[in-house]
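Work through the exercises below with the model open. Try each task before reading its solution.

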Amino acid sequence: YSNNAIRRVGVATGAVTTLADSGTMGDADGVGDAAQFHSPAGIAISPDGRALFVAGCSNHKIWRVELATGTVTTLAGSGEDGDADGVGDAAQFECPEEVALSPDGSTLSVGSRGGLRQVCVAAPPPPPSFAPIVVPPSTLGADLATTRGDASLPQGMVTFLVGDDEERIEHVSKNNLCARSPVFRTMFGIGMKERDAAEVTVSHTDLASFTALVDYLLSDKFDLGEEEGRAQRALDLRELAQMYQVPRLELLCAQALQESVAPATAVPLLEAAHTTGDGRLLAQCRRFVADHAAEVRASGGVEQLRDFGVAKGLLGDALDQVAELKGAMRALRVAES
């Protein structure tokens, strides 16, 4: 603020460098030391980390600073103390001091002595467009009909030993599994050791999830159980559906995940969607978090993240900030009405 400069501190090294500042108090756009500020105050960083937005208190302006080049440009404000809406230098602020960026990076909320204002940074990107999830009709009857007269199918039953504790799923028909899953068809195919095995070990999942997979293959039963934990069960079962190439079950799980997005589940599901590359679920969770920041924070959803590092703390702080800004905007609208 009193140095009239934008400076950077390397977290790992503590090295301090000046990103933009001429060394003289003033008011000038420019690159690096050609730029001039007078009492820069609040600061926010763009979602992609490429730009800073700075509230210039005594300049009565909002600046954009490119991190890669140190280029400083005036985003909004005439430089004159005032209170006028407008575009670019037609707008006026009274000592803007705080800025906060919307989650999509499109809008700055600016706190000034003249009240809370909004600055459009860029047109918000259109929300991702996804076709509705359509689950096709069951093929159970047709699949099981293929088992009649097929001499290549294995005979008999198999018992699965599931998970680290080798919990048992007893006496499952091999030929029915083969008719419903290409992976089981390969596993119990001619020349494979599992074809004649009475027991097969499955170590990559848990008993409840694998039982749900088997129940679906044998009867089309799709039951994720009680509401609590439903989202995680859908994630686990979808992973098995992908692994055993059961596309209809995968779609049923995707539907269930969409229906499970709520304050307590939005952040863990967002993390899971990012990890698995599920763009549809990721977009839905991001929108939900942005629209229900206070509820998500209060529900403890942030605490469920597996990554207990800096990112978790930053997300919690961001949700608090979004909730505070929305509350301030509601209060402003009430006051204006």
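**Exercise 1. Confidence and overall make-up**

Task: Decide which element has the lowest mean pLDDT and which the highest, and describe the protein as a whole.

Solution. Begin with the totals. The protein has 10 helices and 13 strands. Of its 337 residues, 40% are buried. Take the contacts with a separation of 6 or more: 49% of them join residues 24 or more positions apart.

Now turn to confidence. Mean pLDDT is 84 for the protein, and 87% of the residues reach 70 or more. Helix α10 (residues 310–336) has the lowest mean among the elements, at 52. Strand β11 (residues 157–162) has the highest, at 97. Over residues 307–314 pLDDT stays under 50. The model has six contacts beyond four places in sequence for that stretch. Where pLDDT is low, the predicted coordinates should not be read in detail.

**Exercise 2. Packing of α5 on α6**

Task: Classify how the axes of helix α5 (residues 230–243) and helix α6 (residues 247–259) cross.

Solution. First, take the geometry. The two axes come within 9 Å and cross at roughly 160°. Angles over 145 degrees count as roughly antiparallel, so α5 is roughly antiparallel to α6. The crossing is left-handed.

Second, list the contact residues. From α5 come R230, A231, A234, L235, L237, R238, A241 and Q242. From α6 come L249, E250, C253, A256 and L257. Third, sort them by class: nine are nonpolar, one is polar and three are charged.

**Exercise 3. L257 up close**

Task: Is L257 buried or exposed, and which residues does L257 touch beyond four places in sequence?

Solution. Locate L257 first: this residue lies in helix α6. Its relative accessible area is 0%. The cut-off for buried is under 20%, so L257 is buried. Then collect the contacts. Leaving out residues up to four places away in sequence, L257 touches A231, A234, L235, R238, L269 and L281. Take R238 as a distance check. L257 and R238 are 19 residues apart in sequence, and their C-alpha atoms are 9.5 Å apart.

**Exercise 4. Packing of α4 on α5**

Solution. On the α4 side, S209, F210, A212 and L213 take part. They meet D236, L237 and L240 of α5. By class, the contact holds five nonpolar residues, one polar and one charged.

**Exercise 5. A loop serine**

Task: Where is S39 found, and is S39 buried or exposed?

Solution. S39 sits in the loop between β3 (30–31) and β4 (40–45). Its relative accessibility is 8%, so S39 counts as buried. Finish with the contacts. Setting aside neighbours within four places in sequence, S39 is in contact with Y1, N4, A55, G56, C57 and S58.

Methods: Residues are numbered from 1 along each chain as its sequence is written. This is a predicted model: local features need pLDDT of at least 70, side-chain atom pairs count only at pLDDT 80 or more; totals for chains, interfaces and linings use all residues. Side-chain values use heavy atoms; hydrogens and water are left out. pLDDT is the predictor's confidence in each residue, from 0 to 100. Helices (H or I, at least four residues) and strands (E, at least two) are DSSP runs, numbered from the N terminus. Contact means heavy atoms within 4.5 Å. Axes are lines fitted to C-alpha atoms, for helices over the stretch in contact, and angles run from 0 to 180 degrees between N-to-C directions. Angles under 35 degrees count as roughly parallel, over 145 as roughly antiparallel, 65 to 115 as roughly perpendicular and the rest as oblique. A crossing is left-handed if the near helix is turned anticlockwise from the far one by less than a right angle, and right-handed if clockwise. Ala, Val, Leu, Ile, Met, Phe, Trp, Tyr, Cys and Pro count as nonpolar, Asp, Glu, Lys and Arg as charged, and the others, Gly among them, as polar. Buried means under 20% relative accessible area, exposed over 50%, partly exposed in between (1.4 Å probe, protein chains only).
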